[in-house]
Amino acid sequence: MTRLGKQLMKTNDISAFRKNNKHDLSERLQECLFYLLLGLPTKAIAEKMECSFRTCRQHTRFVYDQFDVNSHTELLAKFITQETLQEEQQRMMWRKDDEKR
């Protein structure tokens, strides 16, 4: 499981994820994205979302299209990269603040 997935598992709260989600996705697609970022396969996501495998696969395809990726791996890489960049920017800001003092 990815570091991002582990952080999501700690909260395990889809509603908190929806509040912090800045992407223009429906609630159903946000739920699908949440489970994709946890690293769950499509069959497990379908069970959690209580929908058919084909419906879940369609939701997954919409999420991929929204983020301009073609696979689960690319989606994870995109989010991990964004998260890592944001963390690094925050660290750099702290360093700059420390240097000013």
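Colleague: Why is Asp68 called exposed?

Modeller: The model is a predicted one, and in it Asp68 has a relative accessibility of 68%. Exposed means over 50%, so Asp68 counts as exposed.

Colleague: Where does Asp68 lie, and what is noted about its phi?

Modeller: Asp68 is in the loop between α5 and α6, the latter covering 72–100. Its phi is positive, about 55°, although Asp68 is not a glycine.

Colleague: What makes Glu50 exposed?

Modeller: The relative accessible area of Glu50 is 72%. The cut-off for exposed is over 50%, so Glu50 is exposed. Glu50 sits in the loop between α4 and α5, just after α4. Its phi is near 55°, a positive value in a residue other than glycine.

Colleague: Why is Glu74 called partly exposed?

Modeller: Glu74 has a relative accessible area of 37%. Buried needs under 20% and exposed needs over 50%, with partly exposed in between, so Glu74 is partly exposed. Glu74 belongs to helix α6. From Glu74 to Tyr64 is ten residues in sequence and 8.8 Å in space, C-alpha to C-alpha.

Colleague: How do you know that Glu31 and Arg28 form a salt bridge?

Modeller: Their closest N and O atoms are 3.3 Å apart. The limit is 4 Å between a side-chain nitrogen of Lys or Arg and a carboxyl oxygen of Asp or Glu, so the pair Glu31 and Arg28 qualifies as a salt bridge. Both residues are in helix α3, three residues apart, which means they are separated by about one helical turn.

Colleague: Are Glu31 and Arg28 buried or partly exposed?

Modeller: Glu31 has 12% relative accessibility and counts as buried, because buried means under 20%. Arg28, at 32%, counts as partly exposed.

Colleague: What makes Asp65 and Arg61 a salt bridge?

Modeller: The closest N and O atoms of Asp65 and Arg61 are 3.9 Å apart. That is within 4 Å, so the pair meets the definition. Asp65 and Arg61 lie in helix α5, four residues apart, about one turn of the helix. Asp65, at 48% relative accessibility, counts as partly exposed, because exposed begins over 50%. Arg61 also counts as partly exposed, at 34%.

Colleague: How many salt bridges does a search of the whole structure find?

Modeller: The search finds two.

Colleague: Why does a spacing of three or four places matter in a helix?

Modeller: An α-helix has 3.6 residues a turn, so residues three or four places apart point the same way.

Colleague: How do you know that the buried residues of α4 line one face of the helix?

Modeller: Helix α4 covers residues 42–49, and Ile45, Ala46 and Met49 are buried in it. Viewed down the axis of α4, its buried residues fall within an arc of 100°, so they line one face. Lys43 and Glu47, on the other side of α4, are exposed. The buried residues of α4 pack against α3 (27–38) and α5 (53–66).

Colleague: At what angle do α4 and α5 pack, and why is the arrangement called roughly perpendicular?

Modeller: The angle is about 105°, with the axes of α4 and α5 9 Å apart. The range for roughly perpendicular is 65 to 115 degrees, so α4 is roughly perpendicular to α5. On the α4 side, the residues that meet α5 are Thr42, Lys43, Ile45, Ala46 and Met49. Their counterparts in α5 are Phe53, Cys56, Arg57 and His59.

Colleague: What makes His59 buried?

Modeller: His59 has 14% relative accessibility. Buried means under 20%, so His59 counts as buried. His59 lies in helix α5. Leaving aside neighbours within four places in sequence, His59 is in contact with Arg28, Leu29, Cys32 and Met49.

Colleague: How many helices and strands does the protein have, and what share of its residues is buried?

Modeller: The protein has six helices and zero strands. Buried residues are 33% of the 101 residues.

How values were computed
Residues are numbered from 1 along each chain as its sequence is written. This is a predicted model: local features need pLDDT of at least 70, side-chain atom pairs count only at pLDDT 80 or more; totals for chains, interfaces and linings use all residues. Side-chain values use heavy atoms; hydrogens and water are left out. Helices (H or I, at least four residues) and strands (E, at least two) are DSSP runs, numbered from the N terminus. Buried means under 20% relative accessible area, exposed over 50%, partly exposed in between (1.4 Å probe, protein chains only). The arc is that of the directions from the helix axis to the C-beta atoms. Contact means heavy atoms within 4.5 Å. Axes are lines fitted to C-alpha atoms, for helices over the stretch in contact, and angles run from 0 to 180 degrees between N-to-C directions. Angles under 35 degrees count as roughly parallel, over 145 as roughly antiparallel, 65 to 115 as roughly perpendicular and the rest as oblique.
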